[in-house]
Amino acid sequence: MTDFKDTIHTKITAEKDAMLAFWKTLVHHESGSSDKEGLDDTRDFIVAHCKELGATVKTTPYEKAGDLIVATWNGDVDAAPIILSGHYDTVFKRGTVAERPFTIKDGKAYGPGALDMKAGITMALFTIKTLLSLGYKDRPLKLVLAGDEEVGHQFSTAAEDFAKAVTGAKAAFNFETGYTDNGIVIGRKGGARALIRCKGIGAHAGNEPEKGRSAILELAHKTIDIQSRNDYEAGITYNVGVFQGGTVANAVPEDASMVVDIRFRRNEQLDIVKKDLDEVMATTHVDGTTSTMKFSLSIIPMETTDGVLKLFDLYKTVAHELGYGEFVQKYVGGGADSAYEVKAGVPTICAVGVAGGKNHTVDEFAVVDSLFTKTEIVLNTILRVG
């Protein structure tokens with residue numbers, strides 16, 4: 001490892017300006033999850049770069065979402081591949097770059113999606129470029145990038161297509177945004193949403209309130225019932241985050257709705273969640289009201305398997321040997337496509353991307369130096385896999 005360690009450090013040091021330039025250009029390719037034109041433009045930019053590096057590229061098109069990109073190097077090598085993964089969509093609307101272009105100040109980079117996760121894509125591509133320059137032929141290398149991760153693939157089949165693309169791999173590194181505490185994600189909660197609507201009977205609140213049946217009151221009861229089912233020890237949580245209803249204060253509300261955010265740790269807990277919600281919906285507290293529910297799964301959990309832990313231990317060991325600090329296991333509530341990699345049986349560590357914080361906000365930032373150091377860690381870890 002010593003020889004490669006020094007060579008890799010030299011190569012990444014020499015590539016710093018190129019990495020920063022690529023990162024900036026990628027940020028300036030706007031790719032909000034609902035901006036199909038911008039997503040297609042960003043896809044073309046990434047695909048062109050992959051082909052310049054000698055990749056065979058396949059894209060899976062979607063009408064209302066960013067396409068899935070699968071780029072392969074060393075495809076003729078008969079071995080389980082290494083996966084480098086992530087997403088190229090962001091939460092920011094078109095025009096944000098004009099307001100907040102890519103900027104570096106006091107060692108931090110700013111700009112829409114600079115952290116989440118244009119930096120990670122930059123790292124992944126320069127990791128591949130460096131491996132190729134070293135003559136790496138141990139395994140195929142696969143870059144798998146989704147174009148609609150931020151919206152949970154709700155308008156595409158990307159979740160299933162992503163899982164198919166990574167099945168059979170030796171290991172996967174998801175370049176989601178990293179953490180300033182040197183945390184590497186070894187588990188994530190899954191997420192779901194429930195939209196509950198209630199229909200009551202409207203009435204004048206002053207003249208004949210007794211004739212009304214309050215939809216708001218019914219959903220208020222259901223809110224208490226749902227929130228009471230939080231099981232923090234098991235990792236199952238419910239949050240009624242949106243509640244709407246009524247028209248004016250002097251009318252018994254005929255309509256009301258609420259949106260419930262649901263999180264859970266393990267795939268089998270989804271059955272518990274559905275049972276909880278079915279029980280809530282089976283009870284009517286205000287006679288004369290009727291309620292309906294639309295349930296949707298946002299993303300499955302990234303479960304913590306033995307393979308995940310072993311890959312983390314390897315990454316941690318490599319980082320320590322390189323002198324880049326002690327990395328720690330991190331379990332988070334937010335979802336990512338690393339969940340589909342683990343479910344496909346692939347040992348995966350997540351959030352190996354650039355360290356930073358304040359994702360999805362105007363203050364989102366990325367620590368610039370970590371672009372280089374964490375790329376070195378991933379490179380040396382891949383060389384130690386298998």
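All views show a predicted model.

**Figure 1. The largest pocket and the residues that line it.** Rolling a probe the size of a water molecule over the atoms shows where empty space is left. The largest pocket holds about 950 Å³ of space, and its lining consists of 39 residues. Nearest to the centre of this pocket lie E149, E150, V151, G152 and S298. Two or more lining residues come from each of the following elements: helix α6 (158–166) and the strands β8 (178–179), β10 (190–199), β14 (255–264), β15 (290–299) and β18 (355–357). Strand β10 supplies the largest share, six residues. By residue class, the lining of the largest pocket comprises 17 polar, 11 nonpolar and 11 charged residues.

Figure 2. A disulfide is a covalent bond between the sulfur atoms of two cysteines. The cut-off applied here is a pair of cysteine sulfur atoms within 2.5 Å, and by this rule the model has zero disulfides. C50 is buried, because its relative accessible area is 0% and the cut-off for buried is under 20%. C350 also counts as buried, at 0% relative accessibility.

Figure 3. Most residues other than glycine have a negative phi, and most peptide bonds are trans. The peptide bond from D116 to M117 is cis, with omega near -10°. M117 belongs to helix α5, which covers residues 114–133.

**Figure 4. N182, a residue with positive phi.** Although N182 is not a glycine, its phi is positive, at about 65°. N182 sits in the loop between β8 and β9 (183–188). Is N182 buried or partly exposed? With a relative accessibility of 23%, N182 counts as partly exposed.

**Figure 5. K358, a residue with positive phi.** K358, a residue other than glycine, has a positive phi near 60°. The loop between β18 and β19 (365–367) contains K358. The relative accessible area of K358 is 52%, so K358 is exposed, the cut-off for exposed being over 50%.

Definitions and conventions: Residues numbered from 1 in each chain as written. Predicted model: local features only at pLDDT ≥ 70, side-chain atom pairs only at ≥ 80, totals over all residues. Heavy atoms only, no water. 1 Å grid on protein atoms, 1.4 Å probe; cavity = no way out; pocket = protein on both sides within 12 Å on 5 of 7 lines; lining within 4 Å. Points joined across faces, edges and corners; volume = space filled by probe spheres on them. Helix = DSSP H or I, 4+ residues; strand = E, 2+ residues; numbered from the N terminus. Nonpolar A, V, L, I, M, F, W, Y, C, P; charged D, E, K, R; others polar. Buried < 20%, exposed > 50% of the residue type's maximum accessible area, 1.4 Å probe, protein only.
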